[in-house]
Amino acid sequence: MKAIVALGAWVFNWLESVGRAGIFIMQSIFRMPTRWGESINLLVKQLYSVGVLSLVIVIVSGTFIGMVLSLQGYSILAKFGSEEAVGQLLALSLLRELSPVVTALLFAGRAGSSLTAEIGLMKTTEQLSSYEMMGVDPLRRVIAPRFIAGVICLPLLSLIFSAAGILGGQLVSVGWLGVHDGAFWSSMQQSVYFDTDVLNGLIKAMCFAVAVTWIAVYQGYECAPTSEGIGKATTRTVVLGSLAVLALDFVLTAAMFGDF
Amino acid sequence: MGNDSINTYLVQMEGVSVKNAYVSVSKLSFSRGERLIYDDVSLTIPKGKITAIMGPSGTGKTTLLRLIAAQLDPDSGTILVDGQNLHKLSRTDLYKERKKMGMLFQSGALFSDMSVAENVAFPLEEHTKLNAVSIQQIVNDKLHSVGLRGASKLMPAELSGGMARRVALARAIALDPQLVMYDEPFTGQDPISKGVLVKLIKQLNDSANITSVIVSHDVDESLSIADHVCILAGGKVVAEGAAEEIRHSLDPQVKQFLNGEPDGPVPFHYPDESVSVPGLKGESA
Amino acid sequence: MRSKRAELMVGCFIVLGIVALVYLAVQVSGLAFSSKKDTYQIVARFDDIAGLTSRAKVSIAGVTVGSVESITLDKELYMALVSMNINSDVDNIPIDSSMAVLTSGLLGEKYLGISIGAEDEMLKDGSEIYDTQSALVLETLISQFLFNSGDSE
């Protein structure tokens, strides 16, 4: 009996926090800025710290994942004598699955955690209260540019990840393993479709972007204003963000490619 | 001085605002979770004067400032600021009213991604339509008044604690507010910075006819500039009145607080669950 | 100055993202932006297409000259009606050419191959190829082989 009560309480708490997070994000993005120029400046600043600074890790990991996929794929495909299908393997697995998911996981660790810590520290040092006291909405001023920047950056990073992965894979399979260049590209072009593969991957990345950034800014805003609280909130961002990405990925994959 | 205490008396008796009060709190109750922080508190902050709100740590003095600024809503009772109940206003109107208030936070709360000058300019840019030149002029004036005109290019991380608080003060008065609230302005300051802050607060109050509220547990500094004093303990107002009256008060709780005696009506020990102290619901020094 | 640099980097970042998208579209998925414009459509009916899909390539002598547009069932004849787009620069396919469903490699994709006929009249938009050859279905082949070998004994 006690367990059932505890379960019920847990469900209610969970629903409450989901509702609060929903209201929170609605309030931050649907309040029009009063000064457009200033808002765009803030957005550019966030695009820089969320997107540009994540570029190196995304390009490096994309290239290496492409290279490893080529090596692994080649060694198996060579047994069937169809080495040139490595291009197809590489492009499809990157575009459909790996680049949105891995980019989102990297993003949660790199940009998400720093968003949470930054907002949490602003809360702890009373900067958020300070905005409020000056009659400036901290949701609009602090949260909205960060959220929007995250939603813009992750799909772009995912595209860059795919391109880097394919180039890295080409380097290994064509340049090193000796797959024929033309066969590599034509097997890829025959099996990859722009709408089902490239666009679906992009849609996945957008969904992950909303989930991860939302979790990151909400955890920062709601964190306990102590150093321990910031630490916990940052951990929660990475853990919840990664789990959300993986769970969402299953749902989206089932919806997009499930009827094959 | 005598007038103030009569007004205070009226407020406490009737729970309505009197002509001379800028902020009047009546029958305020507020609790955070299980903890009752304020239990039926009434007090007045007279217009154009410096009011010191004192009490042991943990009595929720900062909470009181947040309640006055309507960052928190009371469980019951009303708070009138300049005759208006901020808690009943819409968000837009509340933000408009907040422009009339300045608050100096305990940590200074300077925006860490802006320079000193940008910090002071921020409320002006946000709420006025002044051009860059006039904003620059005002920023220089305000920084000059806190003696930090030369520091305008520095980032908050490069400032000492005392300087950061003075910059925050310049920012708080940038819009020429009618009410400035100071949250523990003297905590963690060396004697010289304390002296500077005391002088600044006094100066500002006299020159611009601002209503000032100082929340503090630094007895000497607060009493030296306050016109009106209110002592809180255990979620209740222990004493309220003119500074002189408080200093000569015979009330044992007031005496204990002013003289810093370790034990007295406010117990040294945190109340035990099993040994509940009447009137002090989990709230003590 | 610092903000100018950030703006520049953000601009580069967005351009890089768009370049990646175009690269993926053109080089990886082989998306051609003007594919619809210069093609003409022909149709063919097959007894069995066995795994041919839309967008499969159509080739002459191994060179891709077009792609399958749609595959539907002809309800009267119970045959597969395949319509395909042929590049309009390949306008000299004789009307009596034949068409077969082929497989690239042992496990590869199905595609359509055109064998050139001898007529002077050429295929144009809306023409039909009548001489068609169905896909080789492994099960049919095996059963034929068994049936024939049983016969010869």
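**Close-up views of a predicted model**

View 1. Residues 198–217 of chain A are 100% helix and 0% strand, with end C-alpha atoms 28 Å apart; helices (H or I, at least four residues) and strands (E, at least two) are DSSP runs, numbered from the N terminus. In residues 147–178 of chain A the end C-alpha atoms are 45 Å apart, and this span is 94% helix and 0% strand. Both spans are among those that an unreviewed UniProt entry lists as "transmembrane region", which also include residues 45–69 and 238–257; UniProt positions follow the numbering used here, feature names are shortened, and annotations may be inferred rather than shown by experiment. This is a predicted model, in which local features need pLDDT of at least 70 and side-chain atom pairs count only at pLDDT 80 or more, whereas totals for chains, interfaces and linings use all residues. Residues are numbered from 1 along each chain as its sequence is written, chains are lettered from A and ligands numbered from 1 in the order in which they are written, and side-chain values use heavy atoms, with hydrogens and water left out.

View 2. B:Phe30, in strand β1 (residues 21–32) of chain B, counts as buried at 6% relative accessibility (buried means under 20% relative accessible area, exposed over 50%, partly exposed in between, with a 1.4 Å probe and protein chains only). Beyond its neighbours within four places in sequence, the residues in contact with B:Phe30 include B:Leu36, B:Tyr38, B:Leu67 and B:Pro74, contact meaning heavy atoms within 4.5 Å. B:Ser76 is 46 residues from B:Phe30 in sequence, yet their C-alpha atoms are 7.0 Å apart.

**View 3. Helix α4 of chain B.** Nine of the 12 residues of helix α4 (residues 116–127) of chain B are buried, so this helix is largely enclosed by the rest of the structure. Among the buried residues are B:Val120, B:Phe122, B:Leu124 and B:Glu126. The buried residues of α4(B) pack against α5 (127–133) and α6 of chain A, together with α5 (132–145) and α6 (161–172) of chain B.

View 4. A:Glu126, which is not a glycine, has a positive phi of about 65° and is found in the loop between α4 (86–124) and α5 of chain A, where A:Glu126 counts as buried at 12% relative accessibility. C:Ala61, also other than glycine, has a positive phi near 55°; C:Ala61 lies in the loop between β2 (57–60) and β3 (63–74) of chain C and is exposed, with a relative accessible area of 75%.
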